[in-house]
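Hi there,

Here is the structure I promised to pass on. Have a look at it first, and my notes on what turned up follow below.

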Amino acid sequence: MGKKVKEDKKPPPDDVFDTLAVESRQAGTVVLMLSSPEEDVQSKACEAIYKFVDKCDENKKQLLDLGAGEALLKLMQSEDRIVRRNACMAMGVMTAHPEVRKFLRKREESVPAFIQLLAPEEDTVVHEFSALGLSNMATEFSSKASIFESGGVDALVKCLSSSDPDVQKNSVEALAQLLLDYQSRAAIRDADGLNPLLELLKSEFAIIQKLSLLALDRASQDSENRSALRELEAMSKLIDFVAHPEWNDLHVMAVMVLSNLLEDIESLELIKETGGLKRLVALITDQVPPEEEPKAGTGKGRRRQALGPPRRVQREVSKKDESEKEEPPPGEAIIPTLPDVKMCAAKAIARSAKSAENRKILHEQEAEKMLIHLLSHESNDVQTAAAQALGVMSENLLSKDSIREWEGLQPLIKLCNSDNGDVKEAATLALANLTAGNSTNCQEVSNLNGVETLIHLLADSRDEAVANTCCVLTNMATEEGLRSEAQGKGVVTALLEPLKSQNTRVQAKSSLAVAAFVCDADSRSDFRNAGGIENLVMLLHSGNDEVRRNAAWALAVCAVDEPTAIEICKLGGMDLLQEIQVSGTRKNPFAEVALERLLDANLSAKYSLTGQLSSTNLIEDGFYDAGQIRPNTKFMSIEDYCKQELNDKRPILFIVAKADPVATQSASNLELEAKDNSKTNVSGKSSRTGREGKGGRRRASMIPDDDRKSKQKEKEEKQKEEELQAQLQKEAEALANSENQPFNPPTDSNLVKYIEEVTERILPLATATEQVKALAQFVADKMGGCIEKGQLPNFSWELPLSQVKFELKSNVVPIGKIKAGIHIHRALLFKALADRIALPCTLTRGEYNRAWNEVMLPETPEQPGAQKFPPRCFIVDLIHQPGRLMRSDSPEAVTYKKL
């Protein structure tokens, strides 16, 4: 047997502490261990903290309060690789808590510490958690700036090429957050980070694909980045990505990136050359994509096959022989794209079509066909997006015709009956753009029975749909046949409901539609009888400029005929228009036109407000001169003036060529009564005398005188009471009848005689000059004759006029009742008579009861063979030398017009 050898165990050195295994269940104890000088203790403490904070957010906050943040930041810069790794893991997880991020923002060394750990020589785990920390911190703007300034974009881009998917995920997520800042968008291009993002689309992990698409979406918002992506053939890669059915949940984001790229005309031209646009359209419309032909000499036409075969054409692999492949019949191979993808594709087309050049290219690629196809989709969101895109595309003149030729109007009209408000709004908007300036499309809408649908939509609860419908109807009203058709179907009365809307856009568009449809007397009458004038007048109170302008224009169209103009004035429309014109901010030319139209239909108001009547403003029965009134003063009717009590103000001069029928009838009745009385008197005397002769005296002698007198007195008193009651009853009946009966204006039999005399004596004269002079003399004779210069103050005209007012018991005086008048009376009578014989002249009011008439006459008498000159403006003298013609610019004419 061998001899046992005694083991020689050396005791540990005296200055070395024996190994101590410590078990701790308190977080505070582990935090204290972070300050240990031993790297092994630091590493294990960091690992324990990582496990602890990974459990819940409360643990992260607890450790931060215990001061673990300072220690971990220090250990992240340790020389020991394991300590750095574990500290980075713990701190990376802790950054998910907002209080931890707030703490790190206050430490300038925190961001550089994370970025330093992204160095290539560090472990993959360190890269993962440092990128995680940067991703969490990048949610705040101040941290984004710190990461950018510390060169974090370059470090993160390098990590995109890592083989570890966790590193890729955290890095691309951090970059997606950073790309919300415009500075980082330029930095990622300079760091060549766009190509790695495109390469991540091939990843096996959906979250990495999603984050890379999100980063590309934000990066492609920069124009220079879009140019760089075009060089990297990003559009082809994205279309290939959409062609994979297994990635359908990410297709929406891919189309959003394509939408950004298609904003540039260069991208559209490129996708047009490569055939990618038609392929995208085929994918969206669930059709077999067309076979692409390779372009000779360039690599743009070759489709990249990095992501596998197109998703539409599936190939079945035989179980016996995998090498043999058969194509299924057409139709069975089509896998529909998701509705959200179709919606985003339609929005991408609409976004790109905002540019006129892009619309032209999209039209050449027949993008309208895809949009029309999407209108029949069952999803409301898809229908809405397609209709909106068609509305944008229809701004191209060629697209309007193409959409009609490809039968795109019918589905749009059908969508107007949808229960979804967004669909109706988008469809009506597309129709409004399609019918603008295109009579053929307007006719096609009518042929498709769209008028009834549009009229029905006017009562819809969706304000924007109603406003768009009003635009469509306004566009169609430019064609007379379509306008008549719509009027026959009740569009005028249907427009009353939108006028009552509280939405300013609906009010503006419906007012414009009213102006388009009330252009004939019948429609104006229907609109007036339905109460539409009141709604238009109310819109003049609106604080919206467009509403006021359109309402004023509609009133201008309505005021063409006199009944409607009178109705507008009764409702206060003229007063409101005057207020608008006086205002410095609300004044607009449409209100001015409306006021002019109203005044032309109400010459009395025009003369009182402007003091001017042109030769085309013909004075007719019912005209009255109420004197000059201020712009903001309410204009009263003749009925109001007649109801006023007699006052000492200037009379209201009234023009009415109508004889008093009551006076004529009373005169004839008086003649008949006189004849009847004469006959009855003769017969009554004979009979009475016979009776009285026989027995009258005998009866009188038998009755006492006192009794006879008392009976006679009682009889007289009773008769007086009966007469008084009868008179009171008659007055009450007359008062009741006057209240119920319509207003009867005063009559003027003298003016009737004047018109008859003028028509008989002056109208047959040969020349206009002779007519003017004869009429001037006629007016002067009827108004008190000529007045010598300087004697006008001595001419008595006020007292006779006051006597006429007193006799009539009214402030309204017919012009024919005046026997002594001056400028203002004579000029008015001259204008009224001249208009009856078609003698053109104006009437102008001056100051201090001055008024004059201007006529256009040849300067020399009209003689056969004489040289003719253009007519000149003359003022007619009606005062001093009646019939004298004064050139309007002569000194004597100026003197005539002034006091």
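Y848 sits in the loop that links strand 7 to strand 8. Strands here are DSSP runs of E with at least two residues, and helices are runs of H or I with at least four residues, both numbered from the N terminus. Before going further, please note that this is a predicted model, in which local features need pLDDT of at least 70 and side-chain atom pairs count only at pLDDT 80 or more, while totals for chains, interfaces and linings use all residues. Residues are numbered from 1 along each chain as its sequence is written, and side-chain values use heavy atoms, with hydrogens and water left out.

Back to Y848: its phi is positive, about 55°, although Y848 is not a glycine. In general, most residues other than glycine have a negative phi. Y848 counts as exposed because its relative accessible area is 60%; the cut-offs are over 50% for exposed, under 20% for buried and partly exposed in between, with a 1.4 Å probe and protein chains only.

D192 also has a positive phi of about 55° and is not a glycine. Its place is the loop between helix 12 (182–190) and helix 13 (194–199). With a relative accessible area of 60%, D192 is exposed.

**Strands and their partners**

Strands of a sheet pair through backbone hydrogen bonds, either parallel or antiparallel. Two strands are taken as paired if DSSP finds at least two bridges between them.

- An open sheet is formed by 3 strands in the order 3-7-8, with antiparallel pairing. Its edges are strand 3 (612–613) and strand 8 (851–852), each of which pairs on one side only.
- Strand 3 meets strand 7 (residues 843–845) over 2 bridges in the antiparallel sense, and Q612 has T844 of strand 7 as its bridge partner.
- Strand 5 (residues 652–655) sends I652 and F654 one way and L653 and I655 the other, and all are buried.
- Strand 4 (residues 623–625) runs antiparallel to strand 5, joined by 3 bridges; F623 has I655 as its bridge partner.
- Strand 5 also pairs with strand 6 (residues 812–814), this time in the parallel sense and over 3 bridges. There, L653 is opposite V813.
- Strand 9 (residues 854–857) has V855 and L857 on a covered face, and E854 and M856 on an uncovered one. Strand 9 pairs with strand 10 (residues 872–876) in the antiparallel sense over 4 bridges, and L857 stands opposite R872.

**A charged patch and a buried arginine**

Which residues gather in a patch of negative charge on the surface? They are E714, E716, E717, E721, E722 and E723. A patch is made of residues with over 30% relative accessible area and no salt bridge, with like charges joined within 9 Å and nonpolar side chains (Val, Leu, Ile, Met, Phe, Trp, Tyr) within 5 Å. A salt bridge is a side-chain nitrogen of Lys or Arg within 4 Å of a carboxyl oxygen of Asp or Glu. Of these glutamates, E721 belongs to helix 43 (residues 705–740) and is exposed, at 53% relative accessibility.

Finally, R226 lies in helix 15 (residues 223–231). Is R226 buried or exposed? R226 counts as buried because its relative accessibility is 8%. R226 and L194 are 32 residues apart in sequence, and their C-alpha atoms are 10.0 Å apart in space.

Best wishes

Notes:
Areas by Shrake-Rupley, 256 points an atom, 1.4 Å probe, with all protein chains shown as cover. Lys, Arg positive; Asp, Glu negative; His and termini not counted. Charge placed at Lys NZ, Arg CZ, Asp CG, Glu CD.
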